[in-house]
Amino acid sequence: MENYEPKIIAFLCKWCTYAGADLAGVSRLKFSPNAIPIRVMCSGRVDPSFILDAFSKGADGVLVGGCHPGDCHYAQGNYKTLRRVKLLKALIKEMGLEEERLRLEWISASEGNKFKEVVNDMTIKLKELGPSPLKKEE
Amino acid sequence: MTKANIAFYWASSCGGCEIAVLDINEKILDVIEKANILMWPVAMDTKYEDLKKMKDKSIDVCFFNGAIRTSENEELAKILREKSKILVAFGSCAHEGCIPALANLFNKKLIFDRAYKETETTMNNEDTLPQTSFMTKEGEVHIPEFYDTVKTLDQVVDVDYYLPGCPPTPNIVEDAFNKFLSGDLPPKGTVMAPVKALCDECPRKKKDKMIDTIYRVYEKEADPEKCFLDQGIICMGPATRSGCGHQCIKGNMPCTGCFGKTPEVTDQGAKMISALASVLAVEKELELDEKKVEDLISKIKDPVGTFYRYSLASSFIKRKVIK
Amino acid sequence: MDSNSSSPRVGVFVCHCGSNIAGTVDVEKVAQEISKMEGVAYAGTYIYMCSDPGQKLMRETIEKEKLDRVVVAACSPTLHEKTFQINSKNAGLNPYQCEIANIREHCSWVHEDNKKATEKAIKITKSIVEKVKEDKSLTDIEVPITKKAIVIGGGVSGIQAALDIANGGYKTYLIEKDSSIGGKMAKLSETFPTLDCSQCILTPKMVEASNHPNIELMTYSEVESVSGYVGNFKVKIKKKPTSVNWDLCTGCGDCYNKCPAKVPSEFQEGLSKRAAIYIPFPQAVPNKPVIDRENCLYYQKGICKICEKVCKIGAIDFDMKEDIVEIDTGAIVVATGYREYPLENLTEYGGGKYPNVISGLKFERLLSASGPTGGQIIRPSDGKSVKDIVFVQCAGSRDIEEHKPYCSKICCMYTAKHAMLFKHKVHDGNAYVFYIDVRTAGKDYEEFYYRTTEEDHALYTRGKVSKIFEDGEKVVVWGVDTLTGKKVEIKADLAVLAMAIEPSVGIKELQQKLKISIDENGFLKEAHPKLRPVESMTSGIFFAGAAQGPKDIPESVSQAGAAASKVLSMFSSNMLHKEPLICEIDEDVCSGCGVCIALCPYKALEAEITTKEGKEVKRSKLNEALCQGCGTCSSACPSGAATMRNDETKNMFKMIEVILE
């Protein structure tokens, strides 16, 4: 598809990745507008239901951003997220959805540039993959 | 007092639900006393033509079991919807898709190829596959279309109530009969079983859910006193509606989830994935790097079959993507 | 105002932020699109929403349009969420029904394509409108505080923390497992980098703590159990039987002077003996003896009772039983300190085998003027003087394979001190130091180290010691000088190992009682390594000193002050206020599966069994005071019973929907 623009839902933890995305803004970095952020208190708040719901509603990709291991504001929420995402990846793989559509990244409040890179990279990769096969059937 | 008219129908299912009606034993006699059974494929020979001739809403309650696998299933669901005042999804197949919906990991072509060509005992040199119509000496014969995707009953018609279970347990069936025949109806859309998850009625001793690793049922003899999850055996109980009398648990087997999700949940499998992954090795999570986490997660075989055994058709994703 | 109605009236205020937003995002279009949403009663724009006129406009519009919820589409919530929440509150709304849509940092500043940026801004704002529509009116949570504190551990950290809290005007219980406070610092000779006599600076603090009207010393006592939560802990303290009635005892010393049973003195690191009835050291506070029942002839053999005979006031009480007292407290400071890694673990250095291979702490007692040798440096084996001495740094530290992976931090400096003090006492002696690196990060530390090497001529060799063995009267130290690559052998009179330090014995049990975390090395784990270094993950429990990680005295004292200030700031109000954005358990849904209990890092959830209509009901019970609102439980709750206030799952589904439509 020529003009295909992937839709990405980005669940960002308030303390690290959301702040990292803020820093990208303050630093006036420019990147692709495909990811729409949703702020959550902790990446541990990201219920696998949110991710599957997003895919079922036509998201081409889902990004979960949390604090680096050891840095979680709530100590260990991100460790749970890691295990959930790994299991969820095994699930979506079994369901025939490309694993790359779900991405977990540790992005700290000081990593504005990393946030930019991740969003850009994810956009490019999703363009290569093409639209989600789960997009609503016409 | 006039008798109520009730009907049973059997779509894509194993047939167990048809028989489960009789699990209420002699109570069936009370039902017969209060109701005429107009249709019951396992026990009566009601013709579709006769059904079509019935007036709309002439059936008071229709208990529809089975998922929607074929055009016949769908057609009958629509007819029965028109003919029935109350349409009840009876059992896990009609409710959430159940085992037939695990075929959503394949599509029509893959299933046909396997069933009619590739199975080890099949000889099909001409690659003959079922056709929806073909000519015989007697004329053109039609058989129903086999869909790519199995659906739940409420994905094709409006459903009033649900009886969960594979099959619904006698207490659930009896309770439903009593409610319908007495007119004591819950709000539309109710799943007629308790709202809490199975742990509520499970008598096993629960500890701390410090699960280091996962065992498959055959790998470990479960202590019949202790919570399965505490022993590292995946039990869908925490994510599954109660009301079944924890029969599997009594048989020292973990819950596999046939009563479906609890009312506050949208996707049973996603919730259990989250719960299990969250507590898995939680005690020593700080020591686990990504690789170790992957090893741990890889012990959970077949996530779909484990977490969506009964609910795949009603889950967020519903079916496998096959290109 | 009841703003939980089912038909909300949302007002959306889109900020231009000068050209910061409006330069890229078509703000009028955003307002126009948003105004079409169900439940949106007003959508407008203004050049600077955060300015006084902007805020006034917002308040006026809230009143005029009878709005009950507000979305401000502007900069990051980090900047002005509070501003706009307060402004809505001033206009009569509930502050928790005001939300921010971040269309600046996350949109206008990072995109150049006006059309795409505008589309994104619309989506972001729409998702926040969906959120605010479901937001409930909430009030802050208030938790009462018992304004008393417990400090566990009576070393310098604990003493300092107790003094600081007590000076703030609050009753403080100082719990110490030994019979005297003082801890490790009481054992030290002189302290780096100033060479103050350790006891001279510590003893006044010990006395001050013991005389302080707000401090209740509870020595020879241990924590038995802890329940409750921040502001309202109940701590059971086990008072071990001293066998001496301290209320009567005058501390005259007749008992321990006459006691015939002698055992190695712990305080003197085994360099001298003490009696079975004893005070650990002469300056002990309180200066009252205890009977060590394991070594007392009466308790062991039923004979003796000499102490009872010599005690003129009859203070000896052989029948004394242990006593459990319960203390209500609002805050707990853990200052249980460290111990030396056991010498015996270093078999390659003959630790525990050769009497002339000793630990750093034992060497402190040899150096100390109040030590068993009066500060004379002698060989423990034969009492002969020491001329050649070897100091081995990193003995057990920085050794990932065999011992401790971490740096014990204090050893570089105390080894420099040891070498310096040795040279001060033995002018013609030779002090050899083996080191991996010399770490002198601390005020005046590098200068101190410089003096050791340049003025006192301690001989530093960079390299690890491979082996120590006895050869006749000498201990032979084998090492490699890694700078020259040459093998080094030194025949010494005494080898001093700068032992790794590890948390005190019993930290694991205490950690479990307090429901706090420890790290992979057994030290207490702080809530955040950078931002909350003196707080535990459990609200109301704070750390001071080496229990949290290796620390020298100034650091321990600073941390004690920091912990005390945390306690004092908590005690400065009558109620603890908390944001109400926390978890909630729906009792009618919870089946008591226990998943949330296992994963909550704050132990805010616990299993509860009640009886309802004759039936046993299991569920998870939330302690609001402990919950920090991370939401991890809510995502994991398999039945949907655990929800997050104003961040419910069904709400999230709506947000996702408007973003993807």
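**View 1. A left-handed crossing of two helices in chain C.** In this predicted model, helices α6(C) and α7(C) cross in a left-handed way. The helices meet through Val156(C), Ile159(C), Ala162(C) and Leu163(C) on the α6(C) side, and through Leu202(C), Lys205(C), Met206(C), Glu208(C) and Ala209(C) on the α7(C) side. Sorted by class, this contact holds seven nonpolar and two charged residues, with no polar ones.

**View 2. The angle between α6(C) and α7(C).** Let's look at the pair again, this time as two axes. Helix α6 of chain C covers residues 156-167, and helix α7 of chain C covers residues 198-211. Their axes come within 10 Å and cross at roughly 45°. That angle is why α6(C) is described as oblique to α7(C).

**View 3. Where chain A touches chain B.** Here 24 residues from chain A and 21 residues from chain B take part in the contact. On the chain A side, α2 (48-56) and α3 (77-94) each supply at least two residues. Which helix gives the most to this side of chain A? It is α3(A), with 11 residues. By class, the side of chain A that touches chain B has 13 nonpolar, four polar and seven charged residues.

**View 4. The domains of chain C.** The domain assignment gives chain C domain 1 (10-134), domain 2 (141-240 + 322-337 + 512-575), domain 3 (242-320), domain 4 (339-502) and domain 5 (583-645). How many Å separate the centres of domain 1 and domain 4 of chain C? Taken over C-alpha atoms, those centres are 66 Å apart.

Note on methods
Residues are numbered from 1 along each chain as its sequence is written. Chains are lettered from A and ligands numbered from 1 in the order in which they are written. This is a predicted model: local features need pLDDT of at least 70, side-chain atom pairs count only at pLDDT 80 or more; totals for chains, interfaces and linings use all residues. Domain bounds come from an automatic or database domain assignment. Axes are lines fitted to C-alpha atoms, for helices over the stretch in contact, and angles run from 0 to 180 degrees between N-to-C directions. Helices (H or I, at least four residues) and strands (E, at least two) are DSSP runs, numbered from the N terminus. Angles under 35 degrees count as roughly parallel, over 145 as roughly antiparallel, 65 to 115 as roughly perpendicular and the rest as oblique. A crossing is left-handed if the near helix is turned anticlockwise from the far one by less than a right angle, and right-handed if clockwise. Two residues are in contact if their C-beta atoms, placed from the backbone, lie within 7 Å. Ala, Val, Leu, Ile, Met, Phe, Trp, Tyr, Cys and Pro count as nonpolar, Asp, Glu, Lys and Arg as charged, and the others, Gly among them, as polar.
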